[in-house]
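Okay, everyone, thanks for coming. Let me put today's chain on the screen, and then I'll walk you through it.

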Amino acid sequence: MNICVFLSAADLDERYTRPAREFAKLLGKGGHTLVWGGSDVGLMKVVADGVQEAGGRLAGVSVQFLAAKARPGVDEMVVAKDLAERKKLLLERADAVVIMVGGTGTLDEATEILELKKHGHTDKPVVLLNTAGFYDGLKEQFRRMDAEGFLPRPLTDLVFFAEEPVGALAYLEESRGIE
């Protein structure tokens with residue numbers, strides 16, 4: 001399975017890097033391909049390292065203004081002209097999406113895939129990996145949107161909330177019929 005992971009390129013502490021490494025190891029051992037922003041820095045590097053070390057494939061989609069930070073030695077690397085094209089290319093290559101901890105770029109990517117699902121433009125499974133409670137506030141906001149009628153589809157149709165990496169990958173594999 002080609003699993004797109006939206007996540008930070010920042011250097012983060014162990015409470016975020018440990019679960020990211022764990023997820024990456026599971027992804028690689030499962031024979032999956034990491035589809036990600038292509039950067040060789042921060043949490044993006046942690047995940048790419050883990051996937052590669054565990055035998056998985058790497059498919060990066062960088063962007064022109066970040067091309068100097070692109071990871072060398074990957075199975076595939078594409079350089080998009082801008083962030084909008086990057087998101088489009090990432091989602092085209094993905095069979096499923098995992099949203100890990102991140103900043104405004106990650107939030108932008110997360111809301112775009114959920115908007116596409118909301119309107120029926122994709123049926124790809126989406127997992128929000130709530131590492132160390134990072135997305136507790138966002139999860140609550142999504143639940144409020146659902147409860148107060150802002151979403152035309154139930155929240156459970158749009159995103160699965162996982163607290164641990166093993167639950168995230170298990171949900172994706174089950175969604176795609178992988179035993």
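Predicted model: local features only at pLDDT ≥ 70, side-chain atom pairs only at ≥ 80, totals over all residues.

Let's start at Val-98. If we skip its neighbours within four places in sequence, Val-98 is in contact with Ile-3, Cys-4, Val-5, Phe-6, Phe-23, Val-127, Leu-129 and Leu-172.

Now look to either side of E5. Strand E1 pairs with E5 in the parallel sense, over 4 bridges, and Ile-3 stands opposite Ala-96 there. Then there's E6: 3 bridges join E5 to E6, again running parallel. In E6, the residue opposite Val-98 is Val-127, and Val-127 is also one of the contacts I listed for Val-98.

Okay, one more strand over. E1, which is residues 2-6, is joined by 3 bridges to E2, residues 33-36, and those two run parallel. As an example, Cys-4 has Val-35 as its bridge partner in E2.

Let's zoom out to the sheet. How many strands does the open sheet have? It has 7, in the order E4-E3-E2-E1-E5-E6-E7, and the pairing is parallel. At the edges you find E4, residues 76-80, and E7, residues 160-162, each pairing on one side only. On average, neighbouring strands of this sheet are turned by 20 degrees against each other, ignoring direction. Helix H1, residues 14-29, packs on the sheet and touches E1, E2 and E5. The direction of H1 makes about 165 degrees with that of E1.

Next, the nonpolar cores. The largest one has 29 residues, and the members that touch the most others are Ile-3, Val-5, Phe-23, Leu-34, Val-47, Val-98 and Met-100. Which elements supply at least two residues each? They are E1, H1, E2, helix H2 (42-53), E5, strand E6 (126-129) and helix H7 (165-175). H2 gives the largest share, with 6 residues. There's also a second, separate core of 25 residues, and Ala-80, Leu-89, Ile-113 and Leu-151 are included in it.

Leu-151 takes us to another spot, Asp-146. Not counting residues up to four places away in sequence, Asp-146 touches Leu-151, Arg-153, Pro-154 and Leu-155. Asp-146 is found in helix H5, residues 136-147. Why do we call Asp-146 partly exposed? Because its relative accessible area is 30%, and partly exposed covers what lies between under 20% for buried and over 50% for exposed.

Last, the whole chain. Its secondary structure comes to 7 helices and 7 strands, and along the sequence you read β-α-β-α-β-β-α-β-α-β-α-α-β-α. Of the 179 residues, 48% count as buried. Among contacts with a separation of 6 or more, 68% are between residues 24 or more positions apart.

And the overall size? The C-alpha atoms fill a box of roughly 45 × 35 × 30 Å along the principal axes. The chain exposes about 8,500 Å², with carbon and sulfur atoms supplying 51% of that.

Terms used. Residues numbered from 1 in each chain as written. Heavy atoms only, no water. Pairing = 2+ DSSP bridges. Axes fitted to C-alpha atoms, helices over the stretch in contact; angles between N-to-C directions. Contact = heavy atoms within 4.5 Å. Buried < 20%, exposed > 50% of the residue type's maximum accessible area, 1.4 Å probe, protein only. Areas by Shrake-Rupley, 256 points an atom, 1.4 Å probe, with all protein chains shown as cover. Core = buried A, V, L, I, M, F, W, Y, C linked by side-chain atoms within 4.5 Å.
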